[in-house]
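Dear colleague,

I am passing on the structure below, and after it you will find notes on what came out of it. Please read them with the structure open beside you.

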Amino acid sequence: MAHQLHINQITPRDYSDPWNPDQQLIEALAERARFLEKYPQYQSFQNEIDELLDKAGTAENRMAVLALLMEAKLIEMHDQFRQLNHILLRVKG
């Protein structure tokens, strides 16, 4: 089932301030916690991602794992859209 996600408007960062990766990580983890609290059905998927990333090792490997996961989901979505298009074409025809 598809869900609508409402992403909060992010306040633009003041680029004159130095970038703080630790602060960015803290904010990202807090946002993830809020998301999982609101949508607990995705916790098992997050656990799967965390397990894969824990085994990845370096930051480069972690990014490669994330890219593969996103690519797999995009392929899955493409297949579902193709099936939906086929159904719609049959109904229309």
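Read along the sequence, the protein chain follows the pattern α-α-α, with three helices and zero strands (helices being DSSP runs of H or I of at least four residues, strands runs of E of at least two, numbered from the N terminus). This is a predicted model, in which local features need pLDDT of at least 70 and side-chain atom pairs count only at pLDDT 80 or more, while totals for chains, interfaces and linings use all residues. Residues are numbered from 1 along each chain as its sequence is written, and side-chain values use heavy atoms, with hydrogens and water left out.

Of the 93 residues of the chain, 6% count as buried (buried means under 20% relative accessible area, exposed over 50%, and partly exposed in between, with a 1.4 Å probe and protein chains only).

In helix H2 (residues 43–56), the residues Gln46, Ile49, Leu53 and Ala56 are buried. They lie on the same side of H2, because they cover an arc of only 75° around the axis (the arc is that of the directions from the helix axis to the C-beta atoms). An α-helix has 3.6 residues a turn, so residues three or four places apart point the same way. The cover over the buried residues of H2 includes helix H1 (21–38) and H3, whereas Ser44, Asp54 and Lys55, on the other side of H2, are exposed. After H2 comes glycine 57, whose phi is positive, near 90°.

Helix H3 (residues 59–92) contains leucine 74, which is exposed, with a relative accessible area of 56%.

Best regards

Methods: Expected span 1.5 Å × (residues − 1). Contact = heavy atoms within 4.5 Å.
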